[in-house]
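Take a walk through this model.

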Amino acid sequence: MRQVFWVVLASVLLNGCGGADSDSPEARRQVVFKQMLLSSEELGGMLRGRLAFRPERFAECARELNNLAALPWQYFPSPEGDERSTARPEVWDQHARFEAFAQQLQVATEALQLAASMPQVSVDQLQPALWQVEAACKRCHEAFRAY
Ligand code: HEC
């Protein structure tokens, strides 16, 4: 699993839908989350008209986001140690729910990746799939992340 993490992350950093570092579980998951944010912001920018819509780039970022969406969950090993974290205790107290939300995100990113790989796909066709992804981020943050 450790190896998969670094392979995926290295390829992500090279392709640059974004950047990061460190070795604790807290640091590792935060690196992944930041990268997920960069990817999803680029995807959102293309569907909201802030960035030019380039289908190939969109498909690349959607693939990256789908790869990243599998990674953070293994880095929630136990209730917090000394590291900086905004994870709420509910992550461990309601772990089944947390895992279900993580699963919902992965279903959504997979659907987005699939949609993005269709030939001649349009912004309109992609929007619902990205909104599902964004809703999955939000749903979990509202329940499990302290701001
Ligand atoms: C299943 C729950 C869950 C889902 C789904 C989820 N997150 Fe998070 N996210 C968290 C938790 C918990 C934290 C707090 C982690 C910490 O501080 O250790 C967090 C933290 C973050 C952070 C802050 C990282 C930092 O540097 O402290 C960002 C950015 C982020 N998430 C982005 C996203 C994006 C983008 C998505 C969707 C594509 C997403 N998250 C989906 C649970 C989730």
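How many aromatic pairs does the structure hold? The structure holds nine. Rings of Phe, Tyr and Trp (its six-membered ring) pair if their centres lie within 6.5 Å; planes under 30 degrees apart count as stacked, over 60 as edge-to-face and the rest as tilted. In Trp73 and Phe98, the ring centres are 5.8 Å apart and the planes stand at 80°, so this pair is edge-to-face. Trp73 sits in the loop between helix 3 and helix 4 (90–93), and Phe98 in helix 5 (residues 95–116), so the pair ties together parts that are 25 residues apart in sequence. Helices here are DSSP runs (H or I, at least four residues), numbered from the N terminus. Trp73 and Phe98 are both buried. Buried means under 20% relative accessible area, exposed over 50%, partly exposed in between (1.4 Å probe, protein chains only).

This is a predicted model: local features need pLDDT of at least 70, side-chain atom pairs count only at pLDDT 80 or more, and totals for chains, interfaces and linings use all residues. Residues are numbered from 1 along each chain as its sequence is written, and side-chain values use heavy atoms, with hydrogens and water left out.

Another edge-to-face pair is Phe101 with Phe144, at 5.9 Å centre to centre and 75° between the planes. Phe101 belongs to helix 5 and Phe144 to helix 6, so the pair ties together parts that are 43 residues apart in sequence. Phe101 is buried, at a relative accessible area of 11%. Phe144 is buried too, at 3%. Phe33, Trp73, Phe76, Trp92, Phe98, Phe101 and Phe144 form one aromatic cluster.

Which protein donor does the iron atom of the ligand have? The only one is His141 (NE2), at 2.0 Å. Donors are N, O and S atoms within 2.8 Å of the metal (3.2 Å for Na, K and Ca); water is not among the atoms, so sites may look incomplete. His141 is in helix 6 (residues 123–144). His141 is partly exposed, with a relative accessible area of 24%.

Cys140 is also in helix 6. Cys140 is buried, with a relative accessible area of 10%. Leaving out residues up to four places away in sequence, Cys140 touches Phe98, Phe101 and Arg145; contact means heavy atoms within 4.5 Å.

Finish at helix 3 (residues 55–68). At 1.5 Å a residue, its 14 residues should span 20 Å, and the end C-alpha atoms are 20 Å apart, which agrees. The expected span is 1.5 Å times one less than the number of residues. Buried residues of helix 3 include Arg57, Phe58 and Glu64.

Methods
Helix = DSSP H or I, 4+ residues; strand = E, 2+ residues; numbered from the N terminus.
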